[in-house]
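Colleague: I want to learn how to read features from a model. Start with helix packing, please.

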Amino acid sequence: MKKEDRYYNGKKNAVSRWKVLVASFTAMMVCGSCTDDNPSGPTPPSPVPTENEAAMILKKDKLDMIYSLVDLEGNKGRIYEMNYTVDYKLDEALNFGIDGTERLKQFVALNLMDTIIKTKGMALSYDAGCSAFACPDKSSGDYLMGRNFDFNHRDKETNERVMIPVIAVHTAPKGGKKSVSFVDGQFVDYKQGFYNDGESDLSMLMALPYLLLDGINEDGFAISVLKLDGLPTRQVDSTKKTTFTTVAMRMLLDRAGSVNEALEMLDKYNMCMDKDTASYHFFMADAKGDYAIVEYTNPDTLKNPCIKEVLRGVDTLRYVTNFYVSPTMKETPHGSKYSSHGKRRYNDLKEGLARYKYNVTYAQALGLMQTVAQGPDEEPEKSTGFTQWTEIYNLSKKRLTMNILREWGKTFEFGIE
């Protein structure tokens with residue numbers, strides 16, 4: 001079947017196979033490669049899907065982009081890479097008043113899709129139980145950031161584990177900064193092998209810039225998001241525009257060259273994180289060696305967090321997991337005194353970094369992330385206890401390495417070109 005036929009034929013059957021998905025994720029123009037302890041020659045090209053459609057996309061430039069997705073392992077369906085080459089309309093997103101997933105879905109439908117199938121709804125979930133830290137590299141003088149993304153997806157009916165696809169997204173927006181970011185495809189119902197499974201609709205690849213969980217830009221600024229317990233953040237200053245977690249991350253990767261610039265940009269917006277039973281904090285670092293934890297706090301845990309706090313400047317704030325580190329929240333159930341969410345991992349990072357005197361080599365950084373990586377059924381964090389990917393960012397060189405599923409012998413590399 002010709003590519004043009006694949007684009008435009010079969011629309012009458014699209015509704016029966018359609019799975020609508022939405023989310024927020026962003027990235028930078030990068031070059032990806034893979035190394036393995038047992039190399040078997042060059043990675044074969046990703047098979048071209050011959051049945052999967054993008055039922056809500058009509059324009060050829062968008063379709064060309066969607067069908068350019070590459071499986072970095074040939075045909076395993078575990079990790080993909082895309083150059084996002086069309087306009088994802090960040091200015092419009094920042095002016096749209098996105099205060100949660102429902103409003104984000106509206107934005108995607110109105111601004112990134114070419115048509116809508118009204119018989120289906122858009123599904124979007126968002127979560128992140130993770131670990132992160134930043135330190136200088138004593139062997140090279142470079143600055144590093146380590147990051148584990150942990151989430152244990154399970155089928156709601158069978159409770160069986162759902163294996164995800166990781167998607168690396170490269171962007172180079174006009175007037176903005178190149179970046180690369182990483183998406184958990186399951187947050188929009190894409191499972192491993194979705195790209196050529198014969199049934200998944202590919203339209204929601206258009207939402208990738210607003211689905212990111214972490215990423216780095218051409219200036220060496222990197223950001224990640226980590227889950228917190230408690231009510232979601234909601235700021236309501238009538239003099240400010242409103243933004244959502246991942247939309248803010250997209251903005252920062254596109255426009256912030258440093259931690260200081262990122263903090264100034266966040267001050268201009270109301271932050272809203274709309275998941276009923278969780279909020280999030282950001283961990284960011286840059287090529288100058290600066291780093292910060294950004295939390296939105298409220299010591300009254302019956303009310304939504306709304307006070308932006310920046311924690312930085314001392315070595316004991318170089319690492320973070322899944323409880324509030326702000327002194328404001330210490331005595332709450334979700335703060336450092338009482339919360340157990342991520343406490344073991346936090347203490348392991350604390351002890352490891354202190355042992356290295358907060359100055360690590362690449363190998364030591366990876367070793368720390370291996371120490372806090374989680375197997376599929378670890379207690380007491382079974383709900384999030386599964387490390388989907390591990391990254392060591394070199395902020396100075398604007399590059400990173402990635403290992404998926406604790407496969408330490410197989411490393412994917414990305415860098416800004």
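Modeller: Begin with a contact, meaning heavy atoms within 4.5 Å. Ala248, Met251, Leu252 and Arg255 in α6 meet Glu261, Ala262, Met265 and Leu266 in α7. Helices here are DSSP runs of H or I with at least four residues, strands are runs of E with at least two, and both are numbered from the N terminus.

Colleague: What kind of model is this, and how are residues numbered?

Modeller: It is a predicted model: local features need pLDDT of at least 70, side-chain atom pairs count only at pLDDT 80 or more, and totals for chains, interfaces and linings use all residues. Residues are numbered from 1 along each chain as its sequence is written, and side-chain values use heavy atoms, with hydrogens and water left out.

Colleague: At what angle do the axes of α6 and α7 cross?

Modeller: Axes are lines fitted to C-alpha atoms, for helices over the stretch in contact, and angles run from 0 to 180 degrees between N-to-C directions. The axes of α6 (245-255) and α7 (259-266) cross at roughly 135° and come within 10 Å. By class, the α6 contact with α7 has six nonpolar residues, no polar ones and two charged ones. Ala, Val, Leu, Ile, Met, Phe, Trp, Tyr, Cys and Pro count as nonpolar, Asp, Glu, Lys and Arg as charged, the others, Gly among them, as polar.

Colleague: How do α8 and α9 pack?

Modeller: Their axes are 9 Å apart, at an angle of about 155°. α8 and α9 are therefore roughly antiparallel. From α8, Arg344, Arg345, Asp348, Leu349, Gly352 and Leu353 make the contact; from α9, Leu368, Thr371 and Val372 do. The residues of this contact divide into four nonpolar, two polar and three charged.

Colleague: Which residues of α5 are buried?

Modeller: Buried means under 20% relative accessible area, exposed over 50%, partly exposed in between (1.4 Å probe, protein chains only). In α5 (101-111), the buried residues are Thr101, Leu104, Lys105, Phe107, Val108, Ala109 and Asn111. Their cover includes α4, β10 (241-244) and α6. Over the chain of 417 residues, 59% count as buried.

Colleague: Where is methionine 65, and what does it contact?

Modeller: Methionine 65 sits in helix α3 (60-66). Its relative accessible area is 2%, so it is buried. Setting aside neighbours within four places in sequence, methionine 65 contacts Met82, Asn83, Tyr84, Thr85, Val86 and Met206. Valine 86 is 21 residues from methionine 65 along the chain, yet their C-alpha atoms are separated by 7.9 Å. Now the whole chain: among contacts between residues at least 6 apart in sequence, 74% join residues at least 24 apart.

Colleague: What is phi of lysine 89?

Modeller: First the rule: most residues other than glycine have a negative phi. Lysine 89 has a positive phi, near 60°. It lies in the loop between β3 (79-84) and α4 (90-94). Lysine 357 also has a positive phi, of about 60°, and is not a glycine. Its place is the loop between α8 (343-355) and α9 (362-372).

Colleague: Is each lysine buried, partly exposed or exposed?

Modeller: Lysine 89 is partly exposed, because its relative accessible area is 26%. Lysine 357 counts as exposed, because its relative accessibility is 69%.

Colleague: How many helices and strands does the chain have?

Modeller: Nine helices and 18 strands.

Key
Parallel < 35°, antiparallel > 145°, perpendicular 65-115°, else oblique.
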